[in-house]
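Visitor: I am new to this structure and would like to be shown around. May I ask some questions as we go?

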Amino acid sequence: MKIKISPSILSADFGRLNEDIKTIEEHSDYIHVDVMDGHFVPNLSFGAPVMKDIDSKLPLDVHLMIENPENYIDDFAKAGADILTVHFEATDDLHGLLAKIKDLGMRAGVSIKPGTEVEVLEEYLDELDWVLIMSVEPGFGGQGFISGAVDKIKWLREHAPELDIAVDGGVNDKTARLCEEAGANVLIAGSYIFKSDDRREAIDLLRGVQGEGYDGA
Ligand code: DX5
Ligand code: ZN
């Protein structure tokens with residue numbers, strides 16, 4: 001499957017967010033928006049009102065790392081989310097949440113933390129548009145890749161040939177290849193892209209393209 005890149009703006013400069021987004025927009029497929037509540041994860045980021053001000057033509061891939069996600073789904077739909085991903089560990093009614101996300105016209109995703117077995121997703125595969133495998137403990141950018149993610153990706157790809165499988169956390173040019181070989185088709189990367197001196201080159205390296213650059217095809 002063609003690799004898609006979703007830069008995580010958690011590593012961008014929030015004081016000039018739309019300018020930072022312009023630097024990656026032409027070469028990327030989505031924008032990854034990390035929403036943190038200080039409860040589900042030990043960090044805070046921002047919510048729907050800030051997300052609403054993101055000015056980009058790219059689809060917003062929104063990763064909710066929050067408790068009680070059911071209370072915020074409408075807000076994120078109104079704020080322009082295209083893909084809405086909730087955490088498996090944050091809900092007792094994933095079937096209901098996925099249905100609600102789709103009813104509001106968004107694509108429905110779920111994420112699992114490094115300590116959660118991938119097999120828990122088996123009963124949801126028919127309802128899912130997107131699965132996000134966490135390859136770090138959620139909460140912060142710039143952490144090292146946890147290799148247990150690779151076998152989870154393999155299991156998922158074997159069970160869901162058409163599913164969008166995203167990997168998030170510690171993705172760089174080297175870990176990207178492990179994820180791609182295992183069957184991931186969406187690479188989410190924050191620090192590797194935004195801390196690079198040449199963001200376009202960093203994105204090309206994530207895609208496994210060297211030299212000529214990505215032409216958007
Ligand atoms: C972590 C977030 C990630 C984070 C990834 O909880 O979900 O999206 O931005 O950052 P890097 O790519 O730096 O590991
Ligand atoms: Zn994320």
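The questions below concern a predicted model.

Visitor: Which residues are the protein donors of the zinc ion (ligand 2)?
Guide: The protein donors lie 2.1 to 2.3 Å from the zinc ion (ligand 2). In sequence the donor residues follow the spacing H-x1-D-x28-H-x104-D. They are His 32 (NE2), Asp 34 (OD), His 63 (ND1) and Asp 168 (OD).

Visitor: What is the arrangement of the 6 donor atoms around the zinc ion (ligand 2)?
Guide: Six donors count as octahedral if opposite donors are over 155 degrees apart and all others between 65 and 115. Around the zinc ion (ligand 2), the 6 donor atoms subtend angles of 71 to 171°, which makes the arrangement octahedral.

Visitor: How many residues apart in sequence are the parts that Asp 34 and Asp 168 tie together?
Guide: Asp 34 and Asp 168 are both buried. Asp 34 belongs to strand E2 (residues 31-36) and Asp 168 to strand E7 (residues 164-168), so the pair links parts of the chain whose separation in sequence is 134 residues.

Visitor: Which elements are included in what covers the buried residues of H5?
Guide: Helix H5 (residues 148-159) has 12 residues and spans 18 Å from its first C-alpha to its last, close to the expected 16 Å. Its buried residues include Val 150, Ile 153, Trp 155 and Leu 156. An α-helix has 3.6 residues a turn, so residues three or four places apart point the same way. The cover over the buried residues of H5 includes strand E5 (107-112), strand E6 (130-134), E7 and helix H6 (173-182).

Visitor: Which residues lie nearest the centre of the largest pocket?
Guide: The largest pocket has a volume of about 270 Å³. Its lining is made up of 26 residues. Elements that give two or more residues to this lining are E2, strand E3 (60-65), strand E8 (186-189) and helix H7 (191-194). Nearest the centre are Phe 140, Gly 141, Gly 142, Asp 168 and Gly 169.

Visitor: What does Leu 104 count as at 35% relative accessibility?
Guide: Leu 104 sits in the loop between helix H4 (94-103) and E5. Leaving aside residues up to four places away in sequence, Leu 104 touches Ile 73, Asp 74 and Ala 77. Because its relative accessibility is 35%, Leu 104 counts as partly exposed.

Visitor: What value is phi of Asn 68 near?
Guide: Asn 68 is placed in the loop between E3 and helix H3 (73-78). Most residues other than glycine have a negative phi. Asn 68 is a residue other than glycine with a positive phi, near 50°.

Methods
Residues numbered from 1 in each chain as written. Chains lettered and ligands numbered in written order. Predicted model: local features only at pLDDT ≥ 70, side-chain atom pairs only at ≥ 80, totals over all residues. Heavy atoms only, no water. Donors = N, O, S within 2.8 Å, 3.2 Å for Na, K, Ca; no water. Tetrahedral: all angles 85-135°; square planar, octahedral: opposite > 155°, others 65-115°. Helix = DSSP H or I, 4+ residues; strand = E, 2+ residues; numbered from the N terminus. Buried < 20%, exposed > 50% of the residue type's maximum accessible area, 1.4 Å probe, protein only. Expected span 1.5 Å × (residues − 1). Contact = heavy atoms within 4.5 Å. 1 Å grid on protein atoms, 1.4 Å probe; cavity = no way out; pocket = protein on both sides within 12 Å on 5 of 7 lines; lining within 4 Å. Points joined across faces, edges and corners; volume = space filled by probe spheres on them.
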